[in-house]
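Subject: Structure for you to look at

Hello,

Here is the structure I promised. Please open it first, then read my notes below.

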Amino acid sequence: MPVTHTNKGAFVRTYGQKFGTVSAKTSNYTVTNGDSGSVFTNQAATAAVVFTLPAQESGLWYIFFNVEVQNITVAADTADTMATFNDIAADNVAFSTTNEKVGSGFLVFSDGTNWIAACLAAPAATLTVGT
């Protein structure tokens, strides 16, 4: 499905599904429930950026995308509440391997009990899972 950009900074799929705004963060950021549906990048960051998720609530979702040669980490607010590649009790996910950061990201959503982190990795990027 094609994606078009509106003049309000939000993305709208051609069938009308609205995405939240795209927001660049250059330092650690605590994500809010109100940010649900937003896309976060680390554009212009000169150091690692950690995104801390809010408490799990069914239907919350976010996209995090690395566009700088800096580490990007997405951390659950509570230990052992994130399911991701090969781990059902992770604390966080990150792209931190040299030369494998830019172009990788995560789609993270909640089922009300856990966070589910789907890797949106560039080819051959290494996903780091913290437990």
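Two strands count as paired if DSSP finds at least two bridges between them. With that in mind, look at Thr-73, which stands opposite Ala-94 in strand E11. I come back to that pair below. Note that this is a predicted model.

Confidence

The average pLDDT is 83, and 78% of the residues score at least 70. Residues 1-16 are the stretch to treat with care: pLDDT stays under 50 there. The model still has 26 contacts beyond four places in sequence for residues 1-16. Where pLDDT is low, the predicted coordinates should not be read in detail.

Overall picture

The protein has 14 strands and zero helices. Of its 131 residues, 37% count as buried. Take the contacts with a separation of 6 or more: residues 24 or more positions apart account for 46% of them.

Strand E8 and its partners

Which strands does E8 pair with? Strand E6 (residues 49-52) is joined to E8 by four bridges, and the two run parallel. In that pairing, Thr-52 stands opposite Ala-75. Strand E11 (residues 92-95) is also joined to E8 by four bridges, but here the strands run antiparallel. This is where Thr-73 stands opposite Ala-94.

E8 covers residues 72-75, and both of its faces are covered. In a regular strand the side chains alternate between the two faces of the sheet. Ile-72 and Val-74 lie on one side of E8, Thr-73 and Ala-75 on the other. All four are buried.

The core

Which residues touch the most other members of the largest nonpolar core? They are Phe-64, Val-74 and Met-82, in a core of 20 residues. The elements giving two or more residues to this core are E6, E7 (61-65), E8, E11, E12 and E13 (115-120). In soluble globular proteins, nonpolar side chains tend to be buried together.

Ser-110

Is Ser-110 buried or exposed? This serine lies in strand E12 (residues 105-110). Its relative accessibility is 5%, so Ser-110 counts as buried; the cut-off for buried is under 20%. Its side chain reaches the backbone nitrogen of Gly-112 at 2.9 Å. Leaving aside neighbours within four places in sequence, Ser-110 is in contact with Gln-56, Glu-57, Ser-58, Gly-59, Leu-60 and Trp-115.

Loops worth a look

The loop between E5 (39-41) and E6 holds Ala-47. Ala-47 is partly exposed, with a relative accessible area of 38%. Ala-47 and Gln-70 are 23 residues apart in sequence, yet 5.8 Å apart in space, C-alpha to C-alpha.

Ala-44 lies in the loop between E5 and E6 too. Its phi is near 75°, a positive value in a residue other than glycine. Ala-44 counts as exposed, at 52% relative accessibility.

Asn-86 is not a glycine either, and has a positive phi of about 65°. Find Asn-86 in the loop between E9 (82-84) and E10 (87-90). Asn-86 counts as exposed, with 74% relative accessibility.

Best wishes

How values were computed. Residues are numbered from 1 along each chain as its sequence is written. This is a predicted model: local features need pLDDT of at least 70, side-chain atom pairs count only at pLDDT 80 or more; totals for chains, interfaces and linings use all residues. Side-chain values use heavy atoms; hydrogens and water are left out. Buried means under 20% relative accessible area, exposed over 50%, partly exposed in between (1.4 Å probe, protein chains only). A polar contact is a pair of N or O atoms within 3.5 Å; within protein, one must be able to donate a hydrogen and the other to accept it, and residues adjacent in sequence count only if both atoms are side-chain atoms. Contact means heavy atoms within 4.5 Å. pLDDT is the predictor's confidence in each residue, from 0 to 100. A nonpolar core is a set of buried Ala, Val, Leu, Ile, Met, Phe, Trp, Tyr and Cys residues joined through side-chain atoms within 4.5 Å.
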